[in-house]
Amino acid sequence: MDNNRGTWKSSFGFILAAAGSAVGVGNLWRFPYMMGSNGGFPFLVVYLIIVVLLGMPVMLGEFAIGRSTQQSPVAAYSKIQKGSGFVGILAILAPFLIMTYYGIVGGWALRYFFSFLTTGEGTDFIGLITGGLGLGVWQPVLWNLVFMVIVWAVCIFGVHGIEKANKFMMPALLVLLIVVIIRSVTLPGAGGGFRFMFANPSAFTFGAIPAALGQAFFSLSLAMGAMITYGSYLKKNEDLPKNTLIVSGLDTGIALLAGFAIFPAVFAMGGEPGAGAGLAFITLPGVFAAMPLGALVGAAFFLLLAFAALTSAISLVEACSAFTIDTWKWNRKISVTLLCVLFCVLAIPNSLSMAGGNPFSGENFLGTGMNLFDAVDFFANNILLPLGGLLMCVVVGWFWKPESAVAEIEGTPGYSFKLKKAWSLLIKFVTPILILIVLVFQFIG
């Protein structure tokens, strides 16, 4: 296997891969419970505003950086502005940290899928994890290993392997999601879920705004190297603004569809929509077990969740791998293998932190008031990603200059980026100021 970077074979393949990176557990696990915990519809409105004013300008900027430099994040930032490579380091640190726990969630999804498939109900996997340092505690570690083997098997083939995998998994994901939605919305009492999503301001607080920002960056795969890396495989004739709109639209649309799949079923079966992080893995298995055709719906939902986790994990591993290939000239097979092994090892303390009776247990890691798993998740998504997005705006808006970025965005002669003045204003002033304000409130909170 050589180290040639390669390019996407088609625009459709790139869109599916970029959408696959964006569409992950952030949509199907994180977004529903964040919405459920933060007031339903008001959180959705704030989230959509953040996607348009912050998420999409940052995504377009990252695509432009990647395609212009044809490099992974660290080298890409250094190329457009000398001395800005540290921004790329943050962009690699984020996916690296996320991958120390992301495979755990993916492994949970695989385990629940096989549980519904073989027994017709979801094993109380979370109960096994938190029940003490017994055999059950090691199950997430083993399922994380299974998950990472699949990721490894795709990433060793580079950009073409990623493109082929997403051409299968993304359509399959949409089909499975539609199956779950049809069953969910046809349950008696499902209307309560729609009322919760679109007419429930009671639980919203201003503290939900930083949560929406972190969720948007996490869900769209921003400031984590993935979009710069995927952009570096693009040909010059790609329409970057159109691709940004499609990828952002697909990501947000699937997050909403996940809400349609989950909340009507939860309300119909008397579940708790504000169950937090346990919504998918504690509340929903019981909901599926109690409904007609629940075994089929449960298996479909958790296979859907596993596919979503895989498409995102592939992009995160690829971002880290591209860095080692471009910077240290590692062979792709060696790079992907070593990274996947390292992520499996680092996942162990994250997984064990949710169980009792071991050195990693505890709900106050480094004084955060959270266990290690939650602390890493919070630091990566609520601090590193918005900070990386802010610094990206500064580098592009004030050093590389919007006109240079626009020249790259317009790409082929004759193409005109009609929103270039609005985008330049956003990337230089509006987006970084809004991110900074939210970050300040985050630290104050």
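Serine 84 is placed in the loop that runs between helix H4 (73-80) and helix H5 (85-119). In this predicted model, serine 84 counts as buried, because its relative accessibility is 4%, where buried means under 20%. When its neighbours within four places in sequence are left aside, serine 84 is in contact with Tyr77, Ser78 and Val395.

Confidence in the model was examined along the chain. The mean pLDDT of the protein chain is 89, and 94% of its residues reach 70 or more. Within the protein chain, confidence is highest in H11, at 97, and lowest in helix H6 (residues 125-130), where the mean is 53. Over residues 131-135 the pLDDT stays under 50, and for this stretch the model has eight contacts beyond four places in sequence.

Helix H11 also contains threonine 229. Threonine 229 counts as buried, with a relative accessibility of 0%, and, not counting residues up to four places away in sequence, threonine 229 touches Pro73, Glu318, Ala319 and Ala322.

Side chains of opposite charge can pair when their charged atoms come close. In one of them, the side chains of aspartate 377 and arginine 30 meet at 3.5 Å, N to O. Aspartate 377 belongs to helix H16 (residues 372-400) and arginine 30 to helix H2 (residues 25-37), so the pair ties together parts that are 347 residues apart in sequence. Both aspartate 377 and arginine 30 are buried.

A salt bridge is also formed between the side chains of glutamate 408 and lysine 236, at 2.9 Å, N to O. Because glutamate 408 lies in helix H17 (residues 402-410) and lysine 236 in the loop between helix H11 (226-231) and helix H12 (240-268), this pair ties together parts that are 172 residues apart in sequence. With a relative accessible area of 10%, glutamate 408 is buried, whereas lysine 236, with a relative accessible area of 43%, is partly exposed.

The side chains of lysine 420 and glutamate 410 likewise meet in a salt bridge, at 3.4 Å, N to O. This pair links distant parts of the chain, with lysine 420 in helix H18 (residues 420-444) and glutamate 410 in helix H17, 10 residues apart. Lysine 420 is partly exposed, having a relative accessible area of 33%, while glutamate 410 counts as buried at 19% relative accessibility, since the cut-off for buried is under 20%. Salt bridges that share partners join Arg67, Lys236 and Glu408 into one network.

On the side of H16 the contact is made by Val396, Gly397 and Trp400, and on the side of H17 by Pro402, Ser404, Ala405 and Glu408. The residues of the contact of H16 with H17 divide into four nonpolar, two polar and one charged.

The loop between helix H15 (332-352) and H16 contains serine 361. With a relative accessible area of 28%, serine 361 is partly exposed. Leaving aside its neighbours within four places in sequence, serine 361 is in contact with Leu352, Ser353, Ala355 and Gly356. Serine 361 and asparagine 371, which are 10 residues apart in sequence, have their C-alpha atoms 7.1 Å apart in space.

Leucine 366 is also found in the loop between H15 and H16. Most residues other than glycine have a negative phi. Leucine 366, although not a glycine, has a positive phi of about 50°, and at 74% relative accessibility leucine 366 counts as exposed. A positive phi, of about 60°, is also found for leucine 293, which is not a glycine either. Leucine 293 is placed in the loop between helix H13 (279-290) and helix H14 (294-328), and, with a relative accessible area of 59%, leucine 293 is exposed.

Methods. Residues numbered from 1 in each chain as written. Predicted model: local features only at pLDDT ≥ 70, side-chain atom pairs only at ≥ 80, totals over all residues. Heavy atoms only, no water. Salt bridge = Lys/Arg side-chain N within 4 Å of Asp/Glu carboxyl O. Helix = DSSP H or I, 4+ residues; strand = E, 2+ residues; numbered from the N terminus. Buried < 20%, exposed > 50% of the residue type's maximum accessible area, 1.4 Å probe, protein only. Contact = heavy atoms within 4.5 Å. Nonpolar A, V, L, I, M, F, W, Y, C, P; charged D, E, K, R; others polar. pLDDT = per-residue confidence, 0-100.
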